[in-house]
Structure formats: C-alpha cells, structure tokens
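Please keep the sequence and the three-dimensional view at hand while reading.

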Amino acid sequence: MRILKMTARRWMALGVMAAAGAVPPGAAAQSDYPSKAVRIIAPFPAGSGPDANAREIAAELTKILGQTFFVENRPGASNIIGTEVAAKAPADGYSLYIGTTSSLSVVPHLYAKLPFNAEKDFAPVSLLGVLNTGLIATAGVEAKDARALIAGLKARPDSLAVATAGIGSYSHLSAVWFNNAAGVKTNLVPYNSTSPYTDLIAGQVQAMFDGLPAAAGSIRAGRLKLLAITGNKRHASFPDVPTFAEAGLPDYAPIAWQGILAPAGTPKPILEKLSAAMRKACQSEELAKKWREYGGELRCDTPEEFAAFIHADRQMWGRVIRQANIKLD
C-alpha cells in the first residue's frame, strides 16, 4: 500500500507541475539565458585587430542581452592554445569563442595532430564579418595594378620580395595561392615575430597579401598602394582598385573571416538566442562603417548558414594547402 501511495503522490505532483506550465530546470536555465557574465575566448593577443573586433561585438551583445560579455585573450601557437581552451569549455553558453580563417579553416590542414577537432568541437553561432584580401605594394612598385604586376613577374621571376607573417600564416598561404593561380614566382620573406609593415613602407620588401585593417591608413595616405582586392565586385571603400577577377584571376578568392562559436553540445535555444542577438548587433551602422573602412563587410547570419560557410571555406583552404604541399608537423 505504501508503494501505491507514493506513486499516486508522485503522479499528483507531476500533474500540478504540468498545470502550472513548469519546465525542467535545464530548460528554465536556457530561457533565462544569460543570467551571468559571458566570456568570449580570443586566441590572439590583446590589441590586435581581431581582438578589437571581439571587444566591439562583446559591447553590442552586452547592450542587447543585458549581461556582461567580455573578451578573454588566450594567444599563442598559431591560435591553437586559445582554440583548445574554447573547445574544452563547458557547453552552457557562458564560454564562447571568436574563430577565424586561420584557427578553423587553415590550421586543421597544417597539423596532423591537434588538441581539438575543428569540425566536431564547436557549434557555430554567427559569422561576424569578412575582410577582403588585398595585394598591397610599396609606393615604389611601378605596376599600377595586379595585371601589370603579373606581366612583370612573368618577364622577371623572383623580382618581387613579398612579406609574409611566417610559413602557414594567412598572408603566406594567400601569396602561395596567388603565385600558383597567376603562374608566377615571387621571393617570399617570412616575418615570424615582427610586423612587416615598417619594412614594406620603407621599401625593404615590395608587397604583401593581407587583409586591409593594418594597411588602410597608409594606403589612403599614399605610403602604400593597393593593386587588387578580392571580392565579386569592387569594394565601396576602394572603388578605383580592380578586383583580382579583373586581373584575370577569377578563382583567386582568399578572405579573412571572424565569427562567434560555442563549444559543441551547447543547447540549441541558447545558440539561436545568441545568433539573433548577433544579427541585431550587425544592424549597427557604426560597426558596419568600421568594417567597410578597412575593406571588410559586417555580416551576421544563422548557425546553419555559418556552419555551411565554414565548411566551404575549410575545403577551399584544404585544396590550396594540399596543392602547395605545406605541413607544419
């Protein structure tokens, strides 16, 4: 009789919960999200361009969702240190990650063994933005555009010193891709621990393939010049600069992206709430203007759209890296 009474009592309690519209504790936590501060793990140093973008979007999310979003920098080892920390963080929505082309599209193809799985350990939330890649040259380079530069390199191979941030870096792989696509040979000069822009402005190296945030000011001041830019059409901030497609390289399309992800297993309602907040943040004209000024585009989307974007980008860089036969371990 005692067992029957307990069972009846339990059924009565469940009935009261259902009538009151009660939800399980986990679901309640999701509906109240966020109820405390949220960290965004950044695998790059404080003060860098991506760090600034992470802090700007953190400020927007703080305003939209009513809780503090803050950036925690975990730089080092080609973004691997911070990416591992993010991959192993609790999947509760209170640890997010700002991923990049390098960390999630490039690095997985360069190392045979990594302490994380770029495809399985993260749940995409939303793209933040993309940065078109430019062929940036010192003012002393005679070529007026990429087409003229390619013609000169075919006549004089190895006559152009191209700065890179080191083997396997975004700038290095973009330069290798350009050489293969254009059928030319350049002299690649690695800058592993220092910025090449001082030497580029001084003319000690002649060119670099990179996103434009670090170079935009010098380009507008005439200390550097932009010979071509990626994208399907000319960029609104550089309307006089032809695309690589106009230079005869329609398939040359490196872009640097940044986006917000969460550890795999983060509840879908939380991902969707964060993604909706990101899309609202991307309506900020102030943020959009900043991205346009340095050759980029503020672009937020859904988790499904971002997942498809990363997959396509990772495959593209895999082809480039395999063709160049580059491995770092």
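This is a predicted model: local features need pLDDT of at least 70, side-chain atom pairs count only at pLDDT 80 or more; totals for chains, interfaces and linings use all residues.

Sorted by class, the residues in the contact of H7 with H12 comprise 9 nonpolar, 3 polar and no charged ones.

Helix H7 covers residues 170-182, and its axis comes within 10 Å of the axis of H12, with a crossing angle of roughly 70°. An angle from 65 to 115 degrees counts as roughly perpendicular, so H7 is roughly perpendicular to H12.

## The chain as a whole

The secondary structure of the chain amounts to 12 helices and 10 strands. Along the principal axes, the C-alpha atoms fill a box of roughly 95 × 40 × 30 Å.

The chain has 329 residues, of which 50% count as buried. Among contacts in the chain with a separation of 6 or more, 79% are made by residues 24 or more positions apart.

## The disulfide

How many disulfides does a search of the whole structure find? The search finds 1 disulfide, and this bond joins Cys282 to Cys300 with an S to S distance of 1.9 Å. Cys282 lies in the loop between helix H10 (268-281) and helix H11 (285-293), while Cys300 lies in the loop between strand E10 (296-298) and helix H12 (303-324), so the pair ties together parts that are 18 residues apart in sequence. In general, a disulfide is a covalent bond between the sulfur atoms of two cysteines.

The torsion about the S-S bond of Cys282 and Cys300 is about 50°, and the disulfide is therefore right-handed. Are the two cysteines buried or exposed? Residues count as buried when their relative accessible area is under 20%. Cys282 has a relative accessible area of 17% and is therefore buried; Cys300, with a value of 16%, is buried as well.

## Salt bridges

The structure holds 11 salt bridges. One of them is formed by the side chains of Glu72 and Arg39, with an N to O distance of 3.0 Å. Glu72 belongs to strand E2 (residues 69-73) and Arg39 to strand E1 (residues 38-42), so this pair ties together parts that are 33 residues apart in sequence. Both Glu72 and Arg39 are buried. Salt bridges also link Arg39, Glu72 and Arg74 in a network.

Arg292 counts as partly exposed because its relative accessibility is 33%, and Glu285 is partly exposed with a relative accessible area of 49%. Glu297 forms a salt bridge with Arg299, where the closest N and O atoms are 3.1 Å apart. For Glu297 the relative accessibility is 38%, so this residue counts as partly exposed; Arg299, at 32%, also counts as partly exposed.

## Backbone details

As background, most residues other than glycine have a negative phi, and most peptide bonds are trans. Which peptide bond is cis, with omega near -5°? The bond in question runs from Tyr33 to Pro34. Pro34 is located in the loop between helix H2 (25-31) and strand E1.

Asn79 is a residue other than glycine, and its phi is near 75°. Asn79 lies in the loop between E2 and helix H4 (80-87), and it is buried, with a relative accessible area of 14%. Asp158, again a residue other than glycine, has a phi near 65°. Asp158 sits in the loop between helix H6 (146-155) and strand E5 (161-164). With a relative accessible area of 37%, Asp158 is partly exposed.

How values were computed
Residues are numbered from 1 along each chain as its sequence is written. Side-chain values use heavy atoms; hydrogens and water are left out. A salt bridge is a side-chain nitrogen of Lys or Arg within 4 Å of a carboxyl oxygen of Asp or Glu. Helices (H or I, at least four residues) and strands (E, at least two) are DSSP runs, numbered from the N terminus. Buried means under 20% relative accessible area, exposed over 50%, partly exposed in between (1.4 Å probe, protein chains only). A disulfide is a pair of cysteine sulfur atoms within 2.5 Å. Axes are lines fitted to C-alpha atoms, for helices over the stretch in contact, and angles run from 0 to 180 degrees between N-to-C directions. Angles under 35 degrees count as roughly parallel, over 145 as roughly antiparallel, 65 to 115 as roughly perpendicular and the rest as oblique. Ala, Val, Leu, Ile, Met, Phe, Trp, Tyr, Cys and Pro count as nonpolar, Asp, Glu, Lys and Arg as charged, and the others, Gly among them, as polar. Contact means heavy atoms within 4.5 Å.
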